[in-house]
Amino acid sequence: MSGAQLSSPTTATTRRRGLYSERAFYALALLSIILPLAMLAIMLLGVLKNGGARLSWDFITSYPSRKADHAGILPGLVGSLYLMGLTALIALPLGVGAAIYLEEYGKQSRMSRLIEVNIANLAGVPSIVYGLLGLGLFVRILHFGRSLLAGASTLALLVLPMVVLVSREALRTVPRGLREAAFALGATQWQTIRQVVLPIAYPGILTGAILALSRAIGETAPLVVIGALTYITFVPDGVDAPFTALPIQIFNWVSRPQKAFIVDAAAGIVVLVLTMLILNGVAIYLRNRLQKRAS
Amino acid sequence: MRASETIAMTTGSPDSTRTATELRGVPPRGERLIEMALAGAGLLTVFTTVGILMVLAVESFEFLKQVGITALIFDTQWTPLFADKHFGLWPLLAGTALTSLIAIAVALPLGLLSAIFMSELASERARKILKPALEMLAGVPTIVYGYFALVVVTPLLQRVIPDLGGFNALSAGLVMGIMIMPLIASLTEDALYSVPRSLREAAYALGASKVPTILRVVVPAAMGGISASVILAVSRAVGETMIVAIAAGQEPHLTLDPRVPIETMTAYIVQVSLGDTPAGTLEYRTIFVVGTALFLLTFGMNVLSYRLSRRFRGAT
C-alpha cells in the first residue's frame, strides 16, 4: 500500500514525478470510496440523533396520532412483520422450486432458457412497476382489495428473482459427485434432491432468502401504489385486512410540514433499520450455525 | 404437504434406513408430477412478466382511446389532475432525466474510482472490509435516503445556493447518486477484474507505471463492462421512486433547472396513488400510461446493458 508497491519499473528521473501523481491518484481513489461511506455514517448517525430521543416503548406500542408527540408505530411494525411472513410463505416455495427446476431438471431445455432470460429481465424492472401490477392484478382483477394479501403477493413477485438467484447459487455449491452417488444407490431424481442436495444447500438458501426478505421490508413504492393506508388505528386481524407498513408510516410522517413529525419519521427509520439489522444478523447466525453442523 | 416434506428433509433419518430397492420402487408418475410442479414455479416468473405487460397495456390502451397519442407527444404540459387537463409527457420525462443525470454525474466518478481502488490498488485486507461496506450502502432502504435528502442535504445546500427550493432536483439527484454508486462500483470491479493479467504485465514491461497502466490499458480494456454498468445505473436511477417523491417535489415543469421543484415519472405515480382516485377514471389510467413509459425506458436500457456486457465478455 506504500510507495514501494506503487512504484513500478521506471527510470530514476521519471520515478520522482510519477510517484507524486501516483500518490495523488491513490488518494483520489481512496477518497471516492471513503466519501460515500462517510455519508452513510452521517446519515445513520443523524437519524439516530434526530429520532433517538423520541424512541421509547410508548412509541413502539402506540397508534398513529394527529399529535406528533403521541404518535406511535405499532400498526406499521406489525403490518411489516405480517407482510414479511406472508411474503416468505408465497415467495420461498415458488423461488426455491423454480431454482431447483433450473439447476436440477431443465438444464438445457428451451423452457429453462426462457425462464432464465425472463428472471434476468424481471430483476431490472423498477419496483414501482410491480406496484402497478399488484394494483391491476391483485387489488382489482383478483379482488384482494387493498389488503395484506395483495401487499404480500406484490412483494413476493418483487423478491422472486432474487430468491431464485440465491437458491441457484446455493444449489450449485453441492458437489456433482454426491448426486451421482445417490443415483448409484438407486435413488430417483427427486429423492436425490430432497435427501442429498437440499439438506446441503439449505443454509445458503435460508440465508439468501432472509436477505431478500429484509430487502422487501424496506420497500415503499409498490406498497404505496397498491394503496397501503397511511393512517390506521388498528392492527390487521387477517390476510384480507387493510394494513400499513413501517416505510409507509415513515413516508407519511416525512411528508408533513411540521417539524415534530420529522422527528417521528427519524424514530421510525431507527426502528426500520434495526429490524433489518436484526434480520441480517439472524441470517448470518443461521448460516454459521448450519454450516458448522453440516461440516 | 410442503411442511411434511421439510420435516422429512431436515430429519432425514427414516429414509436412510431404506434399501435401494425400496427407493427405486417409487412410481415415476410421482416424479414427473414433482418436475411439473417445479417447472410451474419457474413458469410463474414468466407469467409475472406477462402480467405486467397485460396490466400496463390494457389501461394504457383505454387511455389512448380517450385521449390519443398525439397529446402525449406534442403537448408540453402535464396537468391530468387539474380542471384544464394536459397530457404531455415531456415535463415528467425532463424531471426524470434531470434527477438521473445528476445522480450519474455523482455515481460515475465515485463508482469508477472506487472500483479501480478495490480491484487495482487496495490490499486484500482493505478490500475485504470495503466491499461489504459498499454493499451496505446499497442495502439501505430508499425511504431513508429520501429523508436524508429532504431533511439534511437540502437545508445544507440552501446555505450555498440561497434560491434553492425546499423541493428540488439537485439534492434528490445527489443523494440518488450516492445510492446507485455501489452498483457501478461492483459491476465495474468485476469488469476490471476480468481484464487478463498479461495486458498489465505487457504495459509494465514497456515501462509504464501503475496508474498509466490502469488508465490507458486496464480501463479501456474493460470499457464494455463499464458502459454496461453505467447504463444499468441510469436505468436504476430512472426507476428510483422514494427519494424523488420525498425530496424533488410534485410540480411537473418542463425545465432543466436543478434548483426548482420538478416531478419525475415515478413521483407522479406515487402522487396519484396517495390520493383517492377511483379505478376506471382517466386520472387512474394516467399512472399506467406513465408506468408503461417507465417500463419501456428501463427495459430498453437493461437490454442494452446486457448486450454490452455479453459482447464484452465474448471479446476477452
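Modeller: One term comes up at once: a salt bridge here is a side-chain nitrogen of Lys or Arg within 4 Å of a carboxyl oxygen of Asp or Glu. Keep in mind that this is a predicted model.

Colleague: How many salt bridges are there between chain A and chain B?

Modeller: The interface involves 80 residues of chain A in contact with 82 residues of chain B. Polar contact across the interface is found for 10 residue pairs. For salt bridges between chain A and chain B, the count is 0.

Colleague: What area do chain A and chain B bury between them?

Modeller: The size of an interface is often given as the accessible area lost when the parts come together. Carbon and sulfur atoms account for 78% of the area here. The total that chain A and chain B bury between them is about 7,400 Å².

Colleague: Which helix gives the most to the side of chain A that touches chain B?

Modeller: By class, that side of chain A has 58 nonpolar, 18 polar and 4 charged residues. The top contributor gives 17 residues and spans residues 12-51 of chain A. That is helix α2.

Colleague: How far apart are the C-alpha centres of domain 1 and domain 2 of chain A?

Modeller: The domain assignment of chain A places domain 1 at 3-54 and domain 2 at 61-294. In contact are 5 residues of domain 1 of chain A and 11 residues of domain 2 of chain A. The distance between the C-alpha centres of these two domains is 36 Å.

Colleague: Which residues of domain 1 of chain A lose the most area to domain 2 of chain A?

Modeller: The two domains bury about 640 Å² between them, with 70% of it from carbon and sulfur atoms. On the side of domain 1, three residues together make up 74% of what is buried. They are A:Val47, A:Asn50 and A:Arg54.

Colleague: With which residue does A:Arg54 form a salt bridge?

Modeller: The rule finds 1 salt bridge across the interface of domain 1 and domain 2 of chain A. It also finds 2 residue pairs in polar contact there. The side of domain 1 that touches domain 2 of chain A comprises 2 nonpolar, 2 polar and 1 charged residues. In the salt bridge of A:Arg54, the closest N and O atoms are 2.7 Å apart, and the partner is A:Asp264.

Colleague: How many salt bridges does a search of the whole structure find over all chains?

Modeller: Side chains of opposite charge can pair when their charged atoms come close. One such case is A:Arg168 with A:Glu103, where the closest N and O atoms are 2.9 Å apart. Over all chains, the number of salt bridges is 16.

Colleague: Is A:Glu103 buried or exposed?

Modeller: A:Glu103 lies in helix α4 (residues 74-105) of chain A, while its partner A:Arg168 lies in helix α7 (residues 148-172), 65 residues apart. A:Arg168 has 13% relative accessibility and counts as buried. The cut-off for buried is under 20% relative accessible area. Because A:Glu103 has a relative accessible area of 7%, the answer for A:Glu103 is buried.

Colleague: How many residues apart in sequence are the parts that B:Glu59 and B:Arg285 tie together?

Modeller: These two side chains meet in a salt bridge at 3.3 Å, N to O. B:Glu59 is in helix α4 (residues 28-67) of chain B and B:Arg285 in helix α15 (residues 282-315) of chain B. Both count as buried, B:Glu59 at 17% relative accessibility and B:Arg285 at 13%. The separation in sequence is 226 residues.

Colleague: What does B:Asp257 count as, by its relative accessibility?

Modeller: The side chains of B:Asp257 and B:Arg259 meet in a salt bridge, 3.1 Å from N to O. B:Arg259 is partly exposed at a relative accessible area of 33%. Because B:Asp257 is at 21% relative accessibility, B:Asp257 counts as partly exposed.

Colleague: Which backbone oxygen does the side chain of A:Arg179 reach?

Modeller: A:Arg179 is in helix α8 (residues 176-184) of chain A and, at 7% relative accessibility, counts as buried. Beyond its neighbours within four places in sequence, A:Arg179 is in contact with residues including A:Glu104, A:Thr192 and A:Val197. The backbone oxygen reached by its side chain, at 3.2 Å, is that of A:Leu171.

Note on methods: Residues numbered from 1 in each chain as written. Chains lettered and ligands numbered in written order. Heavy atoms only, no water. Contact = heavy atoms within 4.5 Å. Buried area = accessible area lost by both parts, 1.4 Å probe. Polar contact = N/O pair within 3.5 Å; in protein donor to acceptor, adjacent residues only side chain to side chain. Helix = DSSP H or I, 4+ residues; strand = E, 2+ residues; numbered from the N terminus. Nonpolar A, V, L, I, M, F, W, Y, C, P; charged D, E, K, R; others polar. Domains from an automatic or database assignment. Buried < 20%, exposed > 50% of the residue type's maximum accessible area, 1.4 Å probe, protein only.
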